[in-house]
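Hello,

Here is the structure I promised to hand over. Please have a look, then read my notes below.

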Amino acid sequence: MVNIFYIAGSKLDGTGDGDEVIDVYWANTDRSQVEDVQIVVVMVGLPARGKSLIAQKIVRYLKWLSINAKSFNVGSYRRADTPQPAAEFFDTHNTEGERLRRAAAQAAVSDMLKWFEAKGSHVGVLDATNSTKARRAWIKQQCEARGHEVLFVESLCEDQNLVMKNVLEVKTSSPDYTGQDPEEAVRDFMARIHNYEKVYEQVDEDDLTYVKLINVGSQVVINRVQNYLQTRIIYFTMNLHITPRSIWLSRHGESEYNVAGKIGGDANLSERGYAYARALPELVSRSVGDTKVTLWTSTMRRTIQTAEHLPYPKKQWKALDELDGGVCDGLTYEEIEQRYPEDFRARDDDKYNYRYQGGESYRDVVIRLEPIIMEMERGENIMIVTHQAVLRCIYAYFMNVPQDQSPWMEIPLHTVIKLTPRAYGTQEERFRAEIPAVSTFRAKYASANMGGETPEPGAVAGAECNGVVRGEEVIAPVVRPEAVEAN
């Protein structure tokens, strides 16, 4: 089943502190509405209009929802022959440049059409300027001849301040300008934009299915939408913005259940967890500074207690509550292995899809997190204090982690993760508090007593301990497919 969500509204939490609690409801629709169609999403727009960022987000969103999607970036094909061309390469009077750019587009379209031949390929995204009506007509003809629907997504921006911000972003992240002088890169890129402006034609063909995003979605024009999956993609793009922002993620502080090795529950923080809550404002301020931030927590005590001292407007989301352990809630792994040995093994076999008896799977958590992701995409700077399983799903979305790996990632206690989405990927920074905590890792197929894990030097004694969180900062994704935690 595919899920549609409704945000039913919000209410004060009754504590008198002004915090909101957000309620969300879901409705299901038939999965066949996805499986029976193949859609080519064709990006359209001048350079520095956020096309690659939007394309990346569409693919990431669909894959996160188990809809197979892939982006075909024409610039990547062009770089195979011309890795760092000057602006003159993009002048339409440059015959050789025109030939190479056309060849790159043809190669990208050819590879995309071959990709659609594989079973289960649903959405291909053609990421390029596609700036003329003639080019768009050719793409449409090629795709429709093979039975694929075509949806054009055009990003228009008349806000020159925003355009310049995107130009500055490109000069630091685009492979076209790696190792080049920043000021020269900006001059060259502006000249490239000018060359495209000479021939650019907006999408206004009546026979096309398209969505036109004007000034970062402040105005949206939609034409000839035909089916459910097109509507789903368009709704997602309507909630996107391309202005720079960051997201801060943190698990709750160490809880009494963490120390006891129990999963789930609604326990209070441990003494070390309360210490983390008191230290969190200073830890967050290292990277937040004076930035305006909105803070979200789950409705569970340990996240609310962790966020207590943070000086930001707060909202509580039921959708951010921890994965429901069902009949295993409140048990240790040793107790689960003894009472439900078949389930204990089955969860390790397929942790993403395994559903606790009377509880949830990681796939279930992804479904209920969709409104959270949508709100994060439309929002500005957001900090979330929630739980390990939930953070794994959110992190997997932004870092494009495959489903089979996402339930096995390391998201340690007493650590703030800062994610900054950019045109060519998401930058990650981790800020670790100098407050020790138990670690909740268990190796795949290891016994419940955690015998497969070796504690790091100085590790804190605990039911699931294999190390401490030390005071350090790293700037790299941490994905450990061989390790898991309590949820």
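Contact here means heavy atoms within 4.5 Å. One caution: this is a predicted model.

**Ser298**

By that cut-off, which residues does Ser298 touch, leaving out those up to four places away in sequence? They are Thr303, Ile304, Gln316, Trp317, Leu320, Asp321, Val385, Thr386 and His387. Ser298 sits in the loop between β10 and α11 (301–306). Its relative accessible area is 0%, so Ser298 is buried. Ala319 is 21 residues away from Ser298 in sequence. In space, their C-alpha atoms are 7.1 Å apart.

**Aromatic pairs**

Rings count as paired if their centres lie within 6.5 Å. The count comes to 11 aromatic pairs. One of them joins Phe90 and Tyr196. Their ring centres are 5.8 Å apart and the planes meet at 40°, so this pair is tilted. The two residues come from distant parts of the chain, 106 residues apart. Phe90 is in the loop between α3 (74–79) and α4 (95–115). Tyr196 belongs to helix α7 (residues 182–197). Both residues are buried.

Trp296 and Trp317 also pair up. Here the centre-to-centre distance is 5.2 Å, with 50° between the planes, and the pair is tilted. Trp296 is in strand β10 (residues 294–297) and Trp317 in strand β11 (residues 314–317), so the pair ties together parts 21 residues apart in sequence. Trp296 is buried. So is Trp317, which is also one of the residues that Ser298 touches.

There is an aromatic cluster as well: Trp64, Tyr397 and Phe398.

**Charges over rings**

Tyr397 comes up again here. The charged end of Arg60 sits over the Tyr397 ring, 4.5 Å from its centre. Lys351 lies over the face of Trp408. The distance to that ring centre is 5.0 Å.

**Helix packing**

How do helix α8 (residues 228–238) and helix α14 (residues 362–378) pack, at what angle and with their axes how far apart? The angle is about 45° and the axes are 9 Å apart. That makes α8 oblique to α14. From α8, the contact uses Arg232, Tyr235 and Phe236. From α14, it uses Glu370, Met374, Glu377 and Arg378. By class, the contact has 3 nonpolar and 4 charged residues, and no polar ones.

Best wishes

Key: Residues are numbered from 1 along each chain as its sequence is written. This is a predicted model: local features need pLDDT of at least 70, side-chain atom pairs count only at pLDDT 80 or more; totals for chains, interfaces and linings use all residues. Side-chain values use heavy atoms; hydrogens and water are left out. Rings of Phe, Tyr and Trp (its six-membered ring) pair if their centres lie within 6.5 Å; planes under 30 degrees apart count as stacked, over 60 as edge-to-face and the rest as tilted. Helices (H or I, at least four residues) and strands (E, at least two) are DSSP runs, numbered from the N terminus. Buried means under 20% relative accessible area, exposed over 50%, partly exposed in between (1.4 Å probe, protein chains only). A charge sits over a ring if NZ of Lys or CZ of Arg is within 6 Å of the ring centre and within 35 degrees of the ring normal. Axes are lines fitted to C-alpha atoms, for helices over the stretch in contact, and angles run from 0 to 180 degrees between N-to-C directions. Angles under 35 degrees count as roughly parallel, over 145 as roughly antiparallel, 65 to 115 as roughly perpendicular and the rest as oblique. Ala, Val, Leu, Ile, Met, Phe, Trp, Tyr, Cys and Pro count as nonpolar, Asp, Glu, Lys and Arg as charged, and the others, Gly among them, as polar.
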